Amino acid sequence: MQRIMPAIEQLPYALYRAEQVRRLDQIAIQVQGIPSTELMQRAGAACYRQLRKRWPACRHITVLCGVGNNGGDGFVVATHARRDGLQVQLIQLGDINRMSATSSLMRDAYSRAGGHFSENLEIDAQADIIVDALLGTGMDRPVEGYWSKLIDEANKHPAAVVAVDIPSGLHADKGIALGNAIQADMSVSFIGLKQGMFTGDGRALSGEIRFDALSVPASVYAAEILSARRIEWARFAAQLSRRPDNSHKGDFGHVLAVGGAPGMSGAIRLCAEAALRAGAGMVSVATHTEHAACLNAGRPELMVQGVRQADEMDDLLRAASVIVIGPGLGLSDWGESLLNKVLASNLPLVVDADGLNLLGSRQVVQHPHCVLTPHPGEAARLLGCDVEAVQEDRFAAATELQRRYAGVVVLKGAGTLVALPGSKPPAVCSQGNPGMATAGMGDVLA
């Protein structure tokens, strides 16, 4: 089957760490009196329901089960499929003597329904759906051995892959692949959405994400403060008020874009033009004198001023209502002097690109009205670590950047994170796409 593009379907905004979801699960069992067997049956039924909704013509499924509760959900899926008359191949890995009591009950129910267990670890060539119920959210070490081999086989198979709760091998909290991970076409998550599915490798591995609360009462969620929250355009678009018919350019702010060292005029031009297209009333550009005269060719709305030294920006700063600095700024003394001048102002400020690189080479400077917009490489320089360390735990990196530099931090990438001042949970952008991976996109985003 053709793999589908990742999508979001009417999901909650609250995100949780795996440990939090386990606690919610226990509260539902111990306080609300919902038997663990009932929750597992609901989870398996919800996954099977979403599977049939997305692929109603499927006739032959292969279910991959581990020995944890994730595997128990898989047995329920397999049981429903058999009752519907589908051909079912079930492959189980792990020591069945270590299965939880609830998962063992679901395994026994599958056997009583006439289900069989595959004697080898080869996925049937006829399978049109593969159900991943191998590892679940508890995995926190690299996937190895037969587990990794079976994941490889599932990823290479032409069948669509459905992950139960979370793709096996994906860290539920950090959003990184643990050596090897399932590439799902759809993930059906339960009780609480796991934050790692929405950033880093999680964006690429989870596919289309669907959610079922398993009829857990809303009161259960009061026991946990969400660890992060999703943000998406549809939610915020409604908050943008219509512009009055009698408005004028002075009502919509004056952006000052600072940057464009010799040879890098395109970056600040892209940034400034994006400000115009986003609706700024006026946009001024402070850039190097070498190309100032031609920077607004083709975009005469931009008010461009060549700047040889930082003091020549005084009039521009007085007129501005917000500043963006960094695109094409360079790392020379010229660029650093402009950054120092801007940081000394009290205006709302966005720092991007070389502005961030210059910050990373100096003592920490905190600006309370500042938004930093690093990609992982820039974040690594700001934190004094390597890119791998940033990507290994994007939530921790964004939080530490905010602690050091104050203001707001926007850690770009798949599943952009927004770290906010105070004790507010970070936000995760559910949108964006691989088409944004192109030169100049960061300048436009700034």
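A crossing of two helices is called left-handed if the near helix is turned anticlockwise from the far one by less than a right angle, and right-handed if it is turned clockwise. Keep that in mind for the helix pairs on this tour. The model on screen is predicted.

**The whole chain**

Start with everything shown as a cartoon. The chain has 446 residues, and 51% of them are buried. Its C-alpha trace spans about 80 × 45 × 45 Å along the principal axes. The secondary structure amounts to 15 helices and 18 strands. Of the contacts with a separation of 6 or more, 70% join residues 24 or more positions apart.

**Stop 1: helix 1 and Ala 28**

Select residues 18–30, which form helix 1, and pick out Ala 28 within that helix. Is Ala 28 buried or exposed? Its relative accessibility is 0%, so Ala 28 counts as buried. Leaving aside residues up to four places away in sequence, Ala 28 touches Gly 33, Ile 34, Leu 39, Val 216 and Val 220. Show Val 220 as well: 192 residues separate Ala 28 from Val 220 in sequence, but their C-alpha atoms are 6.5 Å apart in space.

**Stop 2: helices 2, 3 and 4**

Next select helix 2, residues 36–54, together with helix 4; helix 4 covers residues 101–112. The axes of helix 2 and helix 4 are 10 Å apart and the helices pack at an angle of about 55°. Helix 2 and helix 4 are therefore oblique to each other. Their crossing is right-handed. To see the contact, show Ser 36, Thr 37, Met 40 and Gln 41 on helix 2, which meet Thr 102, Ser 103, Leu 105 and Met 106 on helix 4. Sorted by class, this contact has three nonpolar, five polar and no charged residues.

Angles under 35 degrees count as roughly parallel, and so helix 3 is roughly parallel to helix 4. This crossing is left-handed. On helix 3, show Asn 69, Gly 72, Phe 75, Val 76, Ala 78, Thr 79 and Arg 82; they meet Ser 103, Met 106, Arg 107, Ala 109 and Tyr 110 on helix 4. The residues of this contact divide into six nonpolar, four polar and two charged.

**Stop 3**

Most residues other than glycine have a negative phi.

Go to the loop between strand 6 (186–190) and strand 7 (193–194), where Ile 191 is found. Ile 191 has a positive phi, near 65°. Its relative accessible area is 5%, so Ile 191 is buried.

Then move to the loop between strand 8 (208–212) and strand 9 (228–231) and select Ser 215. The phi of Ser 215 is also positive, about 60°. Ser 215 has 61% relative accessibility and therefore counts as exposed.

**Stop 4: the nonpolar cores**

In soluble globular proteins, nonpolar side chains tend to be buried together. Which residues have the most contacts inside the largest nonpolar core? They are Leu 256, Val 258 and Met 313, in a core of 54 residues. Centre the view on Val 258 and show what it touches beyond four places in sequence: among these residues are Ile 268, Ala 286, Met 313, Ile 323, Leu 338 and Val 342. Another core, of 44 residues, lies apart from this one and includes Tyr 48, Leu 51, Ala 160 and Val 162.

**Stop 5: Arg 308**

Select Arg 308, in the loop between strand 12 (303–306) and helix 9 (314–319). Arg 308 counts as exposed because its relative accessibility is 61%. Not counting residues up to four places away in sequence, Arg 308 touches Thr 289 and Trp 334.

**Stop 6: helices 12 and 14**

Finish with helix 12, residues 376–383, and helix 14, residues 394–405. Their axes come within 10 Å and cross at roughly 50°, which means helix 12 is oblique to helix 14. The crossing is left-handed. Show Pro 376, Ala 379, Leu 382 and Leu 383 on helix 12; they meet residues of helix 14 including Arg 394, Ala 397, Leu 401 and Tyr 405. By class, the contact has seven nonpolar, no polar and three charged residues.

Definitions and conventions
Residues are numbered from 1 along each chain as its sequence is written. Side-chain values use heavy atoms; hydrogens and water are left out. Axes are lines fitted to C-alpha atoms, for helices over the stretch in contact, and angles run from 0 to 180 degrees between N-to-C directions. Helices (H or I, at least four residues) and strands (E, at least two) are DSSP runs, numbered from the N terminus. Angles under 35 degrees count as roughly parallel, over 145 as roughly antiparallel, 65 to 115 as roughly perpendicular and the rest as oblique. Contact means heavy atoms within 4.5 Å. Ala, Val, Leu, Ile, Met, Phe, Trp, Tyr, Cys and Pro count as nonpolar, Asp, Glu, Lys and Arg as charged, and the others, Gly among them, as polar. A nonpolar core is a set of buried Ala, Val, Leu, Ile, Met, Phe, Trp, Tyr and Cys residues joined through side-chain atoms within 4.5 Å. Buried means under 20% relative accessible area, exposed over 50%, partly exposed in between (1.4 Å probe, protein chains only).
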